[in-house]
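Visitor: I'm new to reading protein structures. Could you walk me through one?
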Amino acid sequence: MLTLLVNGEVKQIDEGERLTCLIHQQGIRIEVPESIEINGRNTVDCMEKMDQKKWEWISTGPLFKELFAIAFPEDNKQEIPKTIEGLNKIDFGVIHVCGLIVLACEAIFAGKTKIFFRNPEHHLHPKTERCIMNVIYKIRELAQPDVAVAEESK
């Protein structure tokens, strides 16, 4: 069972075997207290606060490169910026994807494998939206056997 707060009221739902998606109408606030939340605000904030040395270490690693390439395949290819300053001057969608990758991997490496991706499509162009779940599926493989949760507002 997955415990949620829905507009402040505790609810429990059956978890999916590998991934639970919560799709709801506007006006409903969902919180997943037992999970690490990754959202459009904290992904951008993470990247704005990152220093150059950490960015170089992360962005040149094979895991980051693989996940970034999944988000931005050949028909929507983006280059990984060399500098954190350069990253933070471009489109919020690219910044968001980088922050999503960093925060999710940091959580998993810290042993926190229940992750709530709130509106993972936030800031993204439709070409990237269609790929972001593939990034989450790949991240989920790192977090086995726990469930990653993604939310999409409709």
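Guide: Happy to! Let's begin with a definition we'll need: rings of Phe, Tyr and Trp (its six-membered ring) count as a pair if their centres lie within 6.5 Å. Keep in mind that this is a predicted model.

Visitor: How many aromatic pairs does a search of the whole structure find?
Guide: Three aromatic pairs turn up.

Visitor: What describes a pair of aromatic rings?
Guide: You look at the distance of the centres and the angle of the planes.

Visitor: Okay, are the rings of W55 and F64 stacked or edge-to-face?
Guide: Their centres are 5.5 Å apart and their planes sit at 85 degrees, so this pair is edge-to-face. The cut-off behind that is an angle over 60 degrees.

Visitor: And what about F64 and F68?
Guide: Here the centres are 5.9 Å apart and the planes are at 25 degrees, so you call the pair stacked. F64 and F68 both belong to helix α3 (residues 62-71), and because they are four residues apart there, about one helical turn separates them.

Visitor: Is F64 buried or exposed?
Guide: Buried means under 20% relative accessible area. F64 has 4%, so it's buried. W55 comes out at 0%, so W55 is buried too, and F68 is buried as well.

Visitor: Next, how do you find empty space?
Guide: Rolling a probe the size of a water molecule over the atoms shows where empty space is left. Take the second largest pocket here, which holds about 220 Å³ of space.

Visitor: Which residues line the second largest pocket?
Guide: Among them are K54, W57, L63, V102, E106 and F109, and our friend F64 is on the list too. The elements giving two or more residues to this lining are α2 (52-59), α3 and α5 (92-109). The largest share, five residues, is from α5.

Visitor: How many of the lining residues are nonpolar, polar and charged?
Guide: Sorted by class, the lining has nine nonpolar residues, one polar and two charged.

Conventions: Residues are numbered from 1 along each chain as its sequence is written. This is a predicted model: local features need pLDDT of at least 70, side-chain atom pairs count only at pLDDT 80 or more; totals for chains, interfaces and linings use all residues. Side-chain values use heavy atoms; hydrogens and water are left out. Rings of Phe, Tyr and Trp (its six-membered ring) pair if their centres lie within 6.5 Å; planes under 30 degrees apart count as stacked, over 60 as edge-to-face and the rest as tilted. Buried means under 20% relative accessible area, exposed over 50%, partly exposed in between (1.4 Å probe, protein chains only). On a 1 Å grid over the protein atoms alone, a cavity is a set of points where a 1.4 Å probe fits but cannot get out, and a pocket is an open set with protein on both sides within 12 Å along at least five of seven lines; lining residues have an atom within 4 Å of a point. Grid points are joined across faces, edges and corners, and a volume is the space filled by probe spheres set on the points. Ala, Val, Leu, Ile, Met, Phe, Trp, Tyr, Cys and Pro count as nonpolar, Asp, Glu, Lys and Arg as charged, and the others, Gly among them, as polar.
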